[in-house]
Amino acid sequence: MPMDWIYGLVGGVLIGCAGAVLLLGNGRVMGASGLIFGMFKTTDRRIWAENLAFVSALFFVPMLFVQPLNIAPTHASENVIVLAIAGLAVGFGTRLANGCTSGHGVCGISRFSLRGIAATMAYILAGAISVVLFKHFLGLI
Amino acid sequence: MRIVISLVAGALFGLGLIISGMTNTKKVQGWLDIFGEWDPTLAFVMGGAILPMAVAWKATRVRTPLRADKFPAVNTAGIDRDLIIGSVFFGVGWGLAGLCPGPAIASLSFGGSSGVLFASAMIIGMLSTRRLQAFFRKAENITKTIS
C-alpha cells in the first residue's frame with residue numbers, strides 16, 4: 001500500500017521512544033535478543049524481573065491492540081523445517097553477535113557505534129542473499 | 001520504578017512493531033528482496049527509530065539515568081569474528097522466516113503455530129549458543145588438522 005511508509009515511520013518513532021525510555025530511565029540498551037535471553041538468566045533477580053516485565057509488555061500489548069488497530073497477520077511460513085532452522089539461526093546468531101535489529105540496528109547506529117553499523121550491514125546483506133537463495137533459487141519461501 | 005519503566009518501554013516497542021508492519025513477514029522479506037518486489041518500509045521504520053534514539057544518546061552526555069547510576073559503556077571489543085559470523089547467521093534466519101527477536105515475541109499472540117514454533121526454536125538457539133560455538137570450534141580444528 002502507498003501509505004505503508006507513514007505507518008512505518010510512526011511505528012519506528014514509537015520503537016525509538018521505547019529505546020529512549022529504557023536508556024534514559026534505567027540506563028539500559030534496548031536490545032530485544034538480550035532482553036529475551038535475559039529471562040533465562042536468574043543470577044541478578046532485579047534485572048531478571050525487569051527483563052520479564054519488558055518481554056511481557058512486548059507480548060501482551062500487541063495482543064490487546066492487534067484487532068482494534070486492524071493489524072495484518074504475520075503471513076509466516078508454515079513449513080516446519082524452514083521455521084525451525086530460521087529460529088535456531090536467529091537465536092544462535094543474535095547471541096553470538098550479542099545483538100539484533102534493535103540492539104545493533106536501532107541503538108547501535110544512533111550511537112554511531114562501529115560494531116552496530118558493521119553488524120547491521122552483515123545481517124542485511126546475509127538476509128538479502130538468504131531471500132534471493134531461498135525464494136528465487138530454491139522456491140522455499 | 002525500574003519495573004514500570006521496563007513495562008512502558010516494552011509496551012511502546014510492541015505497539016511500534018505492530019503499527020510499522022514489522023510483524024508482517026512479507027514486509028520484512030520484501031525489504032530484503034532486492035530482486036523481487038522491493039518494499040522500502042523497513043528503511044522508514046529504522047530511520048524513524050534512530051531519530052529519538054539519537055536524541056537520547058545526546059542527552060546521556062549531560063545527565064544521568066533516572067533510575068540508575070550510569071549509562072552503559074561502549075563495547076570496546078571492536079569488529080570481531082563473533083560479531084560478523086553471528087550477524088550472518090542471524091541474517092540468514094531473518095531472511096528465511098521474515099522474523100527477528102522483537103517481532104517474534106510481539107506477534108506470538110496472533111501468529112498461530114508458525115509463530116510459536118519459530119519463537120521456540122529461537123529460544124533453543126539462544127540457550128544452546130555456547131554448545132554450538134564449541135561444536136563449530138571443534139569442527140574447525142578437525143578441518144585444520146586434516147588440511
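Helices are taken here as DSSP runs of at least four residues and strands as runs of at least two, numbered from the N terminus. On this basis, chain A of the predicted model contains six helices and zero strands, and its elements follow the order α-α-α-α-α-α from the N terminus on. Along the principal axes, the C-alpha atoms of chain A occupy a box of roughly 45 × 40 × 30 Å. Chain A comprises 141 residues, of which 60% are classed as buried. Among contacts in chain A with a separation of 6 or more, 42% link residues 24 or more positions apart.

The contact between the two chains involves 99 residues from chain A and 102 residues from chain B. On the side of chain A that touches chain B, at least two residues are supplied by each of α1 (4–26), α2 (32–37), α3 (45–65), α4 (80–96), α5 (101–109) and α6 (114–137). The largest share of this side, 22 residues, is contributed by α1(A). In terms of residue class, the side of chain A that touches chain B consists of 66 nonpolar, 25 polar and eight charged residues.

In chain B, helix α2 (residues 25–32) is mostly covered, with seven of its eight residues buried. The buried positions of α2(B) are Thr25(B), Lys27(B), Val28(B), Gln29(B), Gly30(B), Trp31(B) and Leu32(B). Both chains take part in covering these residues: the elements involved include α6 of chain A as well as α3 (41–59) and α4 (81–97) of chain B.

Definitions and conventions:
Residues numbered from 1 in each chain as written. Chains lettered and ligands numbered in written order. Predicted model: local features only at pLDDT ≥ 70, side-chain atom pairs only at ≥ 80, totals over all residues. Buried ≥ 20, exposed ≤ 12 C-beta atoms within 10 Å, placed from the backbone. Contact = placed C-beta atoms within 7 Å. Nonpolar A, V, L, I, M, F, W, Y, C, P; charged D, E, K, R; others polar.
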